Amino acid sequence: MDKKKRVFSGIQPSGSAHIGNYIGAIRNWAAGQEGKDNIFCVVDLHAITVPQDPKELEENILETAKIIIAAGIDPEKSILFVQSDRPEHAELAWILNCHTQMGELSRMTQYKEKGEGKQSVSAGLFDYPVLMAADILLYDTDEVPVGDDQKQHVELARDIAGRINSRYGKDTLVIPKPTIKKEGARIMSLSDPKKKMAKSAKGENSYIALRDDADTIRRKIKKAVTDSGSEIVYGKDKPALANLLTIYSAFADEKIQDIVERYKGKGYAEFKQDLAEVVVQGLAPIQARLDDLDNDPGYVVKVLADGAQKAAPIASATLGRVKNKIGLG
Ligand code: AMP
Ligand code: TRP
């Protein structure tokens, strides 16, 4: 039998997870769980690249783990752990740092966006993609399911791994590849379809959090900006509508073409009303599981502790192999 593909992905414990995280990433992790060897990580060391309140960070780590489980990751099938529970990430990141060019990092668009207009930017924010490369490479990862905004970072991880392999031998690191779905890989803000939906966005009407209640979801979708015109059509010149149709399609599990066909001759108001119900219904089972997890915090703590244990032998084997190859044995 062929060896199962190793899948690794991560999410930051900052702010509230939103439907962009779900559609672009977590939903796909859950759907691909069978038949693969999966590792998912709450990347707290990435979160501290920007200032965090210690108490909030601690709460957000547990909350993010709950979201992942509620969205369908089964801790019996997948390893789920917290990045800072495994010291190998930071150690491999240092080694990779010494094989990464400043120029490569200054070309990363997420860094440019996050650092833009800020007076002080941490070295950690600049170096963030190298830590992400360490996360991925530490587990001999084949596939990295992410949203579109992370593609450039996964490509950097490939470049760094390729460089290390050509210098120290091709069996040093596994070269990963990003797996990005065609639809839903970049869910846009509800208030500005030119910006991606983000946790840190100003104005909470711009995103739907996975914990939002039905009335909040209805209100936010009602307020969502639309394009000029009145028909429900899908096209590049109608970015707001294209985004809403993508969200509809993801939650209803229906093709965009079929949705457009069904709304022929109907207006925005009706479409938005139905979309709100589709999202409310789509999130209901996740929210029900979140309620259960809220009532059993000890369970999540145990899952994360077990996850860190299960990740340990994989991480230490890779780190040991790399150190041997580069003369740090
Ligand atoms: P983050 O919240 O930045 O840690 O992202 C976690 C995962 O969600 C990553 O795979 C991102 O690419 C994905 N993601 C974040 N925002 C969006 C979005 N607006 N649309 C689609 N995927 C997203
Ligand atoms: N940088 C990713 C984001 O902001 C999160 C992340 C950290 C990640 N390490 C990873 C994603 C490894 C995939 C694989 O979304």
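Student: Leaving aside its neighbours within four places in sequence, which residues is Thr 100 in contact with?
Tutor: Please keep in mind that this is a predicted model. In it, Thr 100 is in contact with Leu 105, Val 130, Ile 160 and Arg 163, once its neighbours within four places in sequence are left aside.

Student: And where does Thr 100 sit in the chain?
Tutor: Thr 100 is placed in the loop that joins α4 (88-97) to α5 (102-106).

Student: Is Thr 100 buried or exposed, then?
Tutor: The relative accessibility of Thr 100 is 12%, so it counts as buried. The cut-off for that label is under 20%.

Student: What lies 2.7 Å from a polar atom of its side chain, I mean of Thr 100?
Tutor: That is the backbone oxygen of Leu 96.

Student: Why does Asp 253 count as exposed?
Tutor: Asp 253 counts as exposed because its relative accessibility is 70%, and the label requires a value over 50%.

Student: Now the whole chain. How many helices and strands are there?
Tutor: The chain has 13 helices and five strands. Its radius of gyration is 21 Å, close to the 20 Å that the globule rule gives for 329 residues, so the chain is as compact as a globular protein of that length.

Student: What box do the C-alpha atoms fill?
Tutor: Along the principal axes, the box is roughly 70 × 45 × 45 Å.

Student: How much of the chain counts as buried?
Tutor: Of its 329 residues, 50% count as buried. The chain exposes about 16,100 Å², and carbon and sulfur atoms supply 50% of that area.

Student: What about contacts between residues 24 or more positions apart?
Tutor: Such pairs make up 75% of the contacts in the chain that have a separation of 6 or more.

Student: One last thing: how far apart are the mean positions of the positive and negative charges?
Tutor: The chain has 47 positive and 48 negative charges, and their mean positions are 5 Å apart.

Technical notes: Residues are numbered from 1 along each chain as its sequence is written. Chains are lettered from A and ligands numbered from 1 in the order in which they are written. This is a predicted model: local features need pLDDT of at least 70, side-chain atom pairs count only at pLDDT 80 or more; totals for chains, interfaces and linings use all residues. Side-chain values use heavy atoms; hydrogens and water are left out. Helices (H or I, at least four residues) and strands (E, at least two) are DSSP runs, numbered from the N terminus. The radius of gyration is taken over C-alpha atoms; the globule rule is 2.2 Å times the number of residues to the power 0.38. Buried means under 20% relative accessible area, exposed over 50%, partly exposed in between (1.4 Å probe, protein chains only). Contact means heavy atoms within 4.5 Å. Accessible areas come from the Shrake-Rupley method with a 1.4 Å probe; for residues, only the protein chains shown count as cover. Lys and Arg count as positive and Asp and Glu as negative; His and the chain ends are not counted. The place of a charge is taken as NZ of Lys, CZ of Arg, CG of Asp or CD of Glu. A polar contact is a pair of N or O atoms within 3.5 Å; within protein, one must be able to donate a hydrogen and the other to accept it, and residues adjacent in sequence count only if both atoms are side-chain atoms.
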